[in-house]
Amino acid sequence: MVHHALCNLIEPIFERSFIADSYANRVGKGTHRALDRCQQFTRRYRYVLQCDIVQFFPAIDHAILRRTLARKVDDPNVLWLIDRILESGAGVLAEEYRMVYFPGDDLFAVNRPRGLPIGNLTSQFWANCYLNPFDHFIKRELRCSAYLRYVDDFVLFADDKKRLWDWRTLLIERLARFRLTVHAGAHPRPVTEGIPFLGFVVYPRRRRLKRRKGIVFRRKFRRLLVAYRRGLIDFQGLDASVQGWINHVRYGNTWGLRAALFAAHLIPARRSLPQVELSGVPPPAPD
């Protein structure tokens, strides 16, 4: 309740400063709108530079985040509460953080408070605040008009591969100010190769579900069927899990995948399942 109350108080202050193409944890944005925007850019530009930040939540520096929040929050009581929440998260992901030293660091830099609990509502919101200055750097200083970010995953588009290489160097230098790094393998490539983004591979004219995501759900679905047949869950529980997955993957070209998955598991077991249609599940082929 405290985290929700704090976000309700400070979110409107920061929301006005966020760029339009930041899509995580914002009203009217979200995963599917980010995918739509990404695909729009693939149809307009030839090359893409996709980056994600190494150990993002474990690496968030408390002093930098505190300064970022204090630029827009001047109420001492609110800042006191922010400090208490930050203190409670110090070192919570320490075992997942591999120390990185930046220019100007001394040996005591290892003791800097860092890390935010991923599950906290404030952590998700503060992630947007933390990288908001970086978003404006990309848009205003690099003048990249085709840029979007979802938490710590971000993509830049251009028709000139060399420009993307130059931007890569500059954004790495800027991220060092936030004590963040990107994975070394990030490099410009043609959009026609597909962009792995938010569980899908995005092409100019289609989207495919990542193979690993399909495998994970197939295994989960088998476990759900076993639990249903043993009476451990009811049909409503089974159906809710299936519908949740379908409502996500339908934003890609997944009709064939869904047909194969449900035909393989539901047709042989249809006598033991109630005669209730799962919306979004392709109808079984005739015997």
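What covers the buried residues of H2? The cover includes strands E2, E3, E5, E6 and E7.

## Basis of the model

This is a predicted model, in which local features need pLDDT of at least 70 and side-chain atom pairs count only at pLDDT 80 or more, while totals for chains, interfaces and linings use all residues. Residues are numbered from 1 along each chain as its sequence is written, and side-chain values use heavy atoms, with hydrogens and water left out.

Helices (H or I, at least four residues) and strands (E, at least two) are DSSP runs, numbered from the N terminus.

## Helix H2

Helix H2 covers residues 31-44. At 1.5 Å a residue, its 14 residues should span 20 Å, and the end C-alpha atoms are 20 Å apart, which agrees. The expected span is 1.5 Å times one less than the number of residues.

The buried residues in H2 are Ala 34, Leu 35, Cys 38, Gln 39, Phe 41 and Thr 42. Buried means under 20% relative accessible area, exposed over 50%, and partly exposed in between (1.4 Å probe, protein chains only). Seen down the axis of H2, these buried residues fall within an arc of 160°, so they line one face of the helix. The arc is that of the directions from the helix axis to the C-beta atoms.

Arg 44 also belongs to H2 and is partly exposed, with a relative accessible area of 48%. Leaving aside residues up to four places away in sequence, Arg 44 touches Arg 37 and Asp 159; contact means heavy atoms within 4.5 Å. Arg 44 and Asp 159 are 115 residues apart along the chain, and their C-alpha atoms are separated by 8.6 Å.

## Helix H4

Helix H4 spans residues 62-70, with His 62, Ile 64, Leu 65, Thr 68 and Leu 69 buried. Seen down the axis of H4, the buried residues fall within an arc of 160°, so they line one face of the helix. Helix H1 (2-15), helix H5 (76-89) and helix H6 (121-141) are included in what covers them.

At the start of H4, a side-chain oxygen of Asp 61 comes to within 3.2 Å of the backbone nitrogen of Ala 63.

## Strands E2 and E3

Strands E2 (residues 147-150) and E3 (residues 153-158) pair in the antiparallel sense over four bridges. Two strands pair if DSSP finds at least two bridges between them. Tyr 147 has Leu 156 in E3 as its bridge partner. From E2, Tyr 147 and Arg 149 point one way and Leu 148 and Tyr 150 the other way, and all are buried.

## Strands E5 to E7

Three strands form an open antiparallel sheet in the order E5-E6-E7. Strands E5 (195-197) and E7 (207-209) stand at the edges with a single partner strand each, so one side of each is left without a neighbour in the sheet. Strand E6 (residues 200-202) is joined to E7 by three bridges, and Phe 200 stands opposite Leu 209 in E7.

## Positive phi in the loops

Most residues other than glycine have a negative phi. Arg 143 has a positive phi of about 55° although it is not a glycine. Arg 143 lies in the loop between H6 and E2 and is exposed, with a relative accessible area of 68%.

Leu 198, not a glycine either, has a positive phi of about 55°. Leu 198 is placed in the loop between E5 and E6 and is buried, with a relative accessible area of 17%. In the hairpin of E2 and E3, which has two residues between the strands, Val 151 takes a positive phi near 55°.

Technical notes: A polar contact is a pair of N or O atoms within 3.5 Å; within protein, one must be able to donate a hydrogen and the other to accept it, and residues adjacent in sequence count only if both atoms are side-chain atoms.
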